[in-house]
Amino acid sequence: MTPPPDQCPAHARSPLAGVVDLFGSENEKDPMGLYERLRSEHGPVAPVRLGGDVPAWLLLGYRENLEVARTPSRFSRDSRYWSAWGEGRIPDDSPLLPVVGWQPMCTFADGDEHERLRAALTDSMNRVDRRGIRRHITRFTHQLVNDFCAEGQAELVTGFAQRLPMLVLTQLLGMPDVYGPRLVEATRDLMKGSDTALRSDQYVTDTLRQLVERKRTQPGSDLASWLLSHPSELTEEEVVQHLRLVLLTGNETTTNLMANTLRMVLTDPRFRASLAGGHMTLPDAIEHVLWNEPPLTVIPGRWATGDTELGGRQIKAGDMLLLGLAAGNVDPAIRPDLGAPMYGNRSHLSFSGGPHECPGQDIGRAIADTAIDTLLLRLPDVRLDVPETELNWVASWISRHLVALPVAFMPRRPDTDPVDTSGMLLAPKLRPTRWMPADGDEALSAGEGATADTAAPTARVPWWTSLWRWLRGTAA
């Protein structure tokens with residue numbers, strides 16, 4: 001059959017034909033291998049597409065990532081510059097919009113507006129008692145370890161790393177515990193850009209709106225109340241969106257950081273020997289993991305404010321750029337020897353850089369450091385229960401997750417003396433009302449109006465135990 005002529009409109013070749021899709025199978029199977037292939041073919045800036053026909057530039061070079069992150073005048077965080085969106089080429093039901101669609105929060109602002117919004121967030125987060133939060137993390141870690149310590153075996157991704165961050169975050173935000181299980185599920189769903197991302201995003205947003213409405217009349221020592229009372233005078237919607245930002249990024253990044261660090265502790269002989277020998281602290285080890293396995297592999301996005309050049313590429317005004325954190329961290333230009341230890345070196349890209357550098361990174365580090373240290377103290381003989389070659393990962397366009405981390409240890413009795421956190425500068429732990437049902441509307445009403453004094457404890461099973469059972473497929 002004779003191929004149609006190139007000029008035939010009906011058979012015109014798509015300008016994105018042959019361009020790698022970050023929603024595709026190659027990225028899902030081996031994102032780091034894909035980044036290296038793109039680096040060899042395109043250099044430090046590579047053309048990619050998202051979900052079939054959305055073009056973007058993926059930054060693979062360390063210097064290019066920093067240049068974009070540090071120059072908002074050329075590469076804005078405001079997605080309203082995005083030409084594809086402004087021209088109507090992004091449908092309203094696109095799974096990209098929960099992550100990159102403009103919202104009234106600091107991550108989508110530059111200049112004076114960014115300073116106003118970020119000041120409210122950073123000032124409020126700085127009010128958290130750092131010593132108190134570590135006691136709080138320790139207490140929750142003991143509770144989680146109590147759930148499985150008598151069994152002599154556990155799965156530390158779904159049983160620990162995916163559970164602890166949301167426990168801490170719901171306390172920071174001033175939320176009832178009952179929201180926890182559905183929030184774990186919903187935040188991960190919308191971050192990976194699934195077909196149900198918009199619905200999950202709506203659930204998270206509606207939940208936070210209820211929280212803000214309650215804190216208007218019942219303020220406490222929590223992030224929601226502090227944002228509402230900040231001198232920057234955030235609107236109610238701005239408060240909701242900043243709480244959403246903390247919830248989404250805090251849970252995703254800390255879960256992955258914990259899982260990756262635990263895997264390294266359990267599988268790398270040099271790592272375990274160094275810890276045992278006292279030559280490397282756990283915070284040093286966490287920085288090493290942040291270099292090699294950042295919690296987010298890609299951060300969307302930046303948008304070119306005008307035609308410009310970057311890494312030998314001609315970038316058009318309104319083009320989307322994706323910060324390639326994982327690729328930049330292993331750029332041969334700055335790390336010719338990937339085997340060299342990076343203990344204590346914080347010049348990695350894992351928390352981005354420039355004016356939009358992650359404001360909650362120290363809290364994330366504290367959660368991972370304190371939780372893993374407490375776990376190892378409780379279970380000093382913990383060991384991987386399967387060959388390392390059997391460990392599996394799943395990747396989305398912005399992150400890579402360890403699926404499971406089965407471990408074994410000598411069975412122990414649960415700790416009956418939990419850490420006292422009554423002196424913390426945080427909201428008191430709220431009693432759960434009941435297990436979160438599957439239906440979204442019913443779930444929202446379950447915790448609405450609940451306070452430390454009024455929530456009725458109709459279910460005695462704490463939500464972290466219920467989530468564990470749900471993840472294992474057993475009755476809640």
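The model is predicted, so local features are taken at pLDDT of at least 70 and side-chain atom pairs at pLDDT 80 or more, while totals for chains, interfaces and linings use all residues. Residues are numbered from 1 along each chain as its sequence is written, and side-chain values use heavy atoms, with hydrogens and water left out.

**Stop one: H11 and H13**

Select residues 197-217, which form helix H11, and residues 236-267, which form helix H13; helices (H or I, at least four residues) and strands (E, at least two) are DSSP runs numbered from the N terminus. Their axes come within 9 Å and cross at roughly 125°, where axes are lines fitted to C-alpha atoms, for helices over the stretch in contact, and angles run from 0 to 180 degrees between N-to-C directions. H11 and H13 are therefore oblique to each other (under 35 degrees counts as roughly parallel, over 145 as roughly antiparallel, 65 to 115 as roughly perpendicular, and the rest as oblique).

**Stop three: the largest cavity**

Next, select Thr107, Leu245, Thr249, Leu296 and Cys358, which of the 43 lining residues lie nearest the centre of the largest cavity. On a 1 Å grid over the protein atoms alone, a cavity is a set of points where a 1.4 Å probe fits but cannot get out, whereas a pocket is an open set with protein on both sides within 12 Å along at least five of seven lines, and lining residues have an atom within 4 Å of a point. The largest cavity has a volume of about 750 Å³, a volume being the space filled by probe spheres set on the grid points, which are joined across faces, edges and corners. H13 supplies the largest share of its lining, 8 residues, and by class the lining has 27 nonpolar, 11 polar and 5 charged residues.

**Stop four: the second largest pocket**

Now select Met32, Arg263, Asn292, Glu293 and Arg400, which lie nearest the centre of the second largest pocket among its 16 lining residues. About 360 Å³ of space lies in this pocket, and H13 again gives the most to the lining, with 4 residues.

**Stop five: two backbone details**

Zoom in on Pro300 and Gly301, whose peptide bond is cis, with omega near -20°; Gly301 is found in strand S5. Then move to Glu233, in the loop between H12 and H13, where phi is near 55°, a positive value in a residue other than glycine.

Terms used. Nonpolar A, V, L, I, M, F, W, Y, C, P; charged D, E, K, R; others polar.
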